[in-house]
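The following exercises concern the structure displayed below.

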Amino acid sequence: MSKPETYEIRVESYLGIGWSYCFEGLTIHHEENGETVLAGPCLDQSALHGVLAKIRDLNLKLISVKRT
Amino acid sequence: MPRSTTPTVQGNVLSLPKDEQNLSIIVGTPDWKAWLGTAKKFSFVGTRGTFTARKERRQRGGWYWKAYCTYEGNLRRAYLGKSDALTVERLNEIAGALTERSTEDWRGAPEPNGSDDSPSVGSAIGTSTLLGWELRDSASDVQLHTSLVTTKLLRPLVRPNVVPRPRLEARLESGVQCKLTLVSAPAGFGKTTLLSCWSSQTASPVAWVSLNASDNDPLRFWSYVVAALHALCPDLFEQALALLNSSQRPSIESIVTMLINTLVTVTGDIVLVLDDYHVIESLAVHKGLTFLLEQMPPHLHLVIASRTDPSLPLARLRGAGELIELRDIDLSMTAEETTAFFTGVMRLDLSPEDISVLEKRTEGWPVGLQLAALSLQGSEDAHGFIKAFGGDHRYVLDYLVEEVLRQQSENVQAFLLQTSLLDRLSASLCEAVTGISHGQAMLETLERGNLFTVPLDSDRHWYRFHHLFSGALRARLQETDAQLVTELHRKACLWHAEHGLITEAVNHALAAKDLELAGHLIEQNALVLLKRGEYIMIIDWMKALPGDSVCARPHLCSLYAWALVSTGELDAAEAWLQKIEHRLGVTADRISYVVPEGSDGGFLDTQQMLADVFAIRATIASNRGNVRLALSLSRRALELSPGREAIVHNVVARNQGSAYWLSGDADRASKAFGEAAFISWEAGYVPQAIVNFCDLAGIQAVEGQLHKAARTYKQTLRLMAEQRSGSFAGTGAPYVGMGWLLYEWNDLDAATCYATKGIKLGEQDKLMEIVLPGYGTLARVKQARGDIDGALDLIEEAERLARSNHLLQHVTRLSAFRVRLWLTQHNIDAAIHWAETSGLRTDGDLRYRHEATFMALARVRLAQGRPSEAADLLGRLLEAAERAGRGGSVIKILALQSLVLQAQGDRKEALVVLRRALSLAQPEGYVRTFVDLGAPMAALLASFFELSSMGSLVTASSALAGYVQCLLTVFGSELMKCQYKVGSNGQVGQGRDLLSERELEVMRLIAAGWSPQKIGQELVVSINTVKSHIKSIYSKLDAHSGTEALARARELKLL
C-alpha cells in the first residue's frame, strides 16, 4: 500500500482557477510562461491517477509530474 | 426403423415415403422449412456420415432438432439447431462431427435434463462435465446477461453539420485489410462522429457496440458483441446467441471460441466497432479480446475507439503490419478541413489567415473549433474575435465557453451556469435549482441552439450537458461566484431528497458543505440505507462528516457502527458504540447497563438504541469467536426490543446458529440460520438475508448435502435477482459458494466463472470473507488442471490478503491447502517442515475449524511413511465429524483413511472403508474429493471396480459401480491431460528420459486402473503393442509387477 504524497503537476496553457473543483482539491497556480501548476494536499496513487485521467479528458497537455 | 417409412435426406434432397403427396423437397427451400414445421424426424445420408434427426421439445417451450447415430456400439448425439438452422452445410457438418470425434468424448455423457439448447458439437462435452450436469441445470436460473440495452448497439446518428473527412475515412477503409484499427485520442476529437460517418457509407456491414463502465463484466461485454453481430447476420450467429441465452452460464472461453468458429464461416468482410473502449479496465475482457485478435478469423475486422491505448498486444500487431492507427495528430482538423467546416458547414466567411489562427490556437481540436464557430456565429467582428482568441494563452475551453456565454441572453447565461453542477437535468429539477418557471422550454431551446445539450430519453424528460461544456461552465461558476455554488448544491439536495433520491441528495449536501443537512438526511434514511446494505457508501459519508456531528446523533453512530461491523471493522465499530453509551449516559459492564434516571431522549428511544448497541456488540463477540458472550448479549438485546426490531432478532438467531455450530450440532445450527434468513428477508434486510442463506448453504455443504446446498444458493440468487432496489453488499457470497459446489462436482469452467464473479463482487464490497474462499476454489481448479505453481501463486496472494485483513482462520485454511499442493509436487521436505513447526498437537481440539489442518497433517504423515499416526488421527477426526453430523467431512476422512489402510497393507479393510465413502458420496455426486487424492486413489478405485464386479472381497450395487466408473473416467482424462502438459511444456525431468512418451502415456493409464485392452482402444493400437510397452516399462523400471512398477514410477515422480 503506497503512502500518500504531495505532487506538483504541470500542464500547458492557462487553466481557470475554477477547475480546482474537479482536481481532488489541488490548487491552481499560474506561471509566467502561461503554464499552470496543480499542487496541494497529499494524493495516494489512485487519486493521482484520477487527476491524470481528468487532465487527459480535458485534452490538457501534461508537461510534468513531480513528487515534492 | 425401415428406410421406407422414414423421410430421408440424401445430399440435399428430401425423399418422402410414397403415401405422402410431395415426393421430394430441396433442403433450404421454403417447402423444406414448412415440412420441418410438421415433421418429427428424418434420416440424413451425407458424404461425411449419416444420422437420424429427431425433433425435441425444450423445457421452456419451442422445439429443436437433435442428431443421433450409433458408432462402434455407442450412441452419439449432437445438437442440430432450430428448424431455421437446418441447412445442407449444417447437416453435413454434424454428420462429420458425429463420426470424427474420438470415442472417449461421447461415452456416457448423460442427457442434460431436457433444457439443453447448448451446442454439443464443436465444444466437445468432455468427461469433466460428467457429474456436473445436474447442478449446471439447477444453477440455471441465474440470468447474468439479463437485459441488453439495445440502444448501445445502434450506431450514433450522423449529425447533419459535419465536416466530411475523406482522408480519415480512406485510412479506415484501408484498415479493413488489417486485423485492428485503433482510433486513440482524448475527448472531443470526434472519434465517434468519424466512425459513425464512415460506417454509414462503407461497403462492409458494421456491427457497433457503445461501451460503458458496466461492460467490464466479461459476460456482459461478450453478450453485447454477440448481439451486435447477430443483428448483422441473424442466421449465422443464432447459435452463439442461443449459447448466451441458454440457461447455463457459459464460460467466456466457450463464447469466444464459438464466436471465432462462427466468424470463420463468414464469407464477406465484417467490421466490429467497439466505441469508448477506455471504460474497460477488466483484464478478463482484454484477455478475451487478445485471444480473438490472435485467432482472428480472416473476414473480421476490429475497430476500437478509445481515449487511452488499450491493453492489447499493439506492438506485436504493429510489427506484423496488422494495425492501422488514427491518433490525435491524425484526428486534429487540417487547414482544409477547418476551412470546409467554417465556410461550408457553419457558413462563416473567414480569411485564410483567420482560419489558420483558429487552427493553430485550437491545435485542430474539433470540439474547440466547434465552440469557436458557435462564438463566431454570434459575433459582429469575426476578425477581431479571432485576433483576440489567437493572442490569448488561456485554456481553449475556458476562453470559448466564456465567449459562447457572452452571446447568450442573461437568462440563458444564468441557467447554463446554475445547472452546470447537475449530473442530469429535468425541467422540475432545473426550476427548483434556478428558480425559473419554464424549465422544459429552456431545455428544448438549448437543445435546438446546439448548446451541447443532449436528451437522455425520447420523452425529453432528462437531459445532460456535454461533459466538457458543463465542466467549463462549472469551473467558471466556481471562479465567479463560489458562494452561489454552495447555495445551488443545497437547492439540488432538497429537490433530490423530496423525490426520494437519497444518494444524490446526500452528495449534494456534502458538496454544499452543509454537514448538518447531510447528517440529518442520512439519519432520517438510516433504516433504508441499512436495508440496502450500502455499507461502503455509508462509511465514506461518515468519514466526510466531522466526528462531533456524528456523535451528536446517536442514530448516526449506530448506523456507522452497523456499517463498520458489517464490513468487518470490529475495533472501529466498538469505538463508536462507546460514543453512543457515553452520549446516552450509560455505563456498560459488558452484558448489562446501568441507566441513570432522567437520561436524555425518550425512554423507548433510549431502549431501542441500547438494543442496537447490544445487538452490534453481540455480532462483534460472535465474529471474535466468543459465542457465549454473543448469546447473552443477544438475549439482552431481545429483552430491550421485544418483537420490534428485525435486525436485533436476526442477530440473535445468527448467534444461536453459530453457537450450535461450534458445539457440533449442525442440525440445529442450520435451523437457526434458516430462521435468521427468514426474519431478515421478511423485514426487508436483503444483505443480511443473503448472508444467512449463504451460511445455511455452507453448513448444508459441510453436512454433505450438496444438492440441498445448491438449492439454497439458487434460491439466494433468485431472491437477489428479484431485488430491484439497486445495489447491496454481500452479493458475492452465493457465487463463491456455488463455485465451491461446482468444483466438487468437477465442473471446472463453471466453478471458475462463479468463483471469479463472486470474488469481483466481494472485492467491490471489500468483503474479504467472500473473496478468500473464492481464491481457494480458483486455486483448486488450477491444481485440478495440473497447474500447481499457478495454484501456489493464488494461495500466496490470498494469504497476503487474509493476513492484511487479520482473518487468521483463513490463513490457517490456506496453509493447509498449500501443504496439499506441496505433497502433489512431492515436496515432502516442505510439508514435513510445516508439520513440525505448526505447533499442531494430534491430541488437540478436533472441531471443524481445525479439520482442514489436521487432514493436511494426516496426509503429511502418510507421505512420510508413518501411516499408523495418520490412521490414529483420522480415526479421531472421523469420530468428531460423525458426532457433529458433518457428512461431507466423513466422506473426505473415509476416503483418506482407505488410502492409509492400503499403505498399511490392509487391502480388504481399505476397500471396505472406501465402499462406505462411496456409498455416502454417490447420491450427492462427489467427484473432486476422490480425484484430488491422485493416482493412489485411482488405483484403489480400479481394484474396487474390478473386485466388486467379480464379486470378491467387496460388493457394489449397479449404481455404485456406475459411479466408480464415472470417477475412473475423470481420473483417466485428467491423467491424460497431465501427459500432454508435460509433452507440450517440454519440462522433462530426469526420470522422464527413462520412458518414451508413449510408455509414459501407457504408465499413466495403468495407474488410473485401465486394462491393457482399454488402453489399446484408447491409443488405437493392438493389445500386443500395449503389452510390449508394458514389458518395456517393467524392464526400464526394474519392476516385476504392476504394483512395483507403479511404486517405482511414483518414486521417480513420473506420476
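**Exercise 1. The interface**

How many residues of chain B are in contact with how many residues of chain A? Describe also the area that the two chains bury.

*Solution.* The model is a predicted one.
Step 1. Counting contacts, 20 residues of chain B meet 15 residues of chain A.
Step 2. Between them, the chains bury about 1,500 Å², and carbon and sulfur atoms account for 59% of this area.
Step 3. On the side of chain B, the most area is lost to chain A by B:Arg307, B:Tyr395 and B:Glu479, which together make up 31% of what that side buries.

**Exercise 2. Polar and charged pairs across the interface**

Determine the count of salt bridges between chain B and chain A, and state which elements of chain B supply residues to the side that touches chain A.

*Solution.* 
Step 1. There are two salt bridges between the chains.
Step 2. A salt bridge requires a side-chain nitrogen of Lys or Arg within 4 Å of a carboxyl oxygen of Asp or Glu. The side chains of B:Arg307 and A:Asp57 form such a bridge, with an N to O distance of 2.9 Å.
Step 3. Eight residue pairs are in polar contact between chain B and chain A, counting pairs with both residues at pLDDT 80 or more.
Step 4. Helices α17 (396–406) and α21 (467–480) of chain B each provide at least two residues of the side that touches chain A. The largest share, eight residues, belongs to α21(B).
Step 5. By class, the residues on this side of chain B are nine nonpolar, five polar and six charged.

**Exercise 3. The sheet of chain A**

In what order do the four strands of the open sheet in chain A lie?

*Solution.* 
Step 1. The order is β2-β3-β1-β4 in chain A, with antiparallel pairing.
Step 2. The edge strands of chain A are β2 (27–30) and β4 (62–67), each of which pairs on one side only.
Step 3. From one strand to the next, the twist averages 20 degrees.
Step 4. Four bridges link β2(A) to β3 (residues 36–39) of chain A, and A:His29 is placed opposite A:Val37 in β3(A).
Step 5. Helix α1 (residues 45–57) of chain A lies across β1 (7–11), β3 and β4 of that chain, at about 10 degrees to β1(A).

**Exercise 4. The sheet of chain B**

Why is one side of β9 and of β12 in chain B left without a neighbour in the sheet?

*Solution.* 
Step 1. Five strands of chain B form an open, parallel sheet in the order β9-β10-β11-β8-β12.
Step 2. In chain B, β9 (206–210) and β12 (323–327) stand at the edges with a single partner strand each, so one side of each has no neighbour in the sheet.

Notes
Residues numbered from 1 in each chain as written. Chains lettered and ligands numbered in written order. Predicted model: local features only at pLDDT ≥ 70, side-chain atom pairs only at ≥ 80, totals over all residues. Heavy atoms only, no water. Contact = heavy atoms within 4.5 Å. Buried area = accessible area lost by both parts, 1.4 Å probe. Polar contact = N/O pair within 3.5 Å; in protein donor to acceptor, adjacent residues only side chain to side chain. Nonpolar A, V, L, I, M, F, W, Y, C, P; charged D, E, K, R; others polar. Pairing = 2+ DSSP bridges. Axes fitted to C-alpha atoms, helices over the stretch in contact; angles between N-to-C directions.
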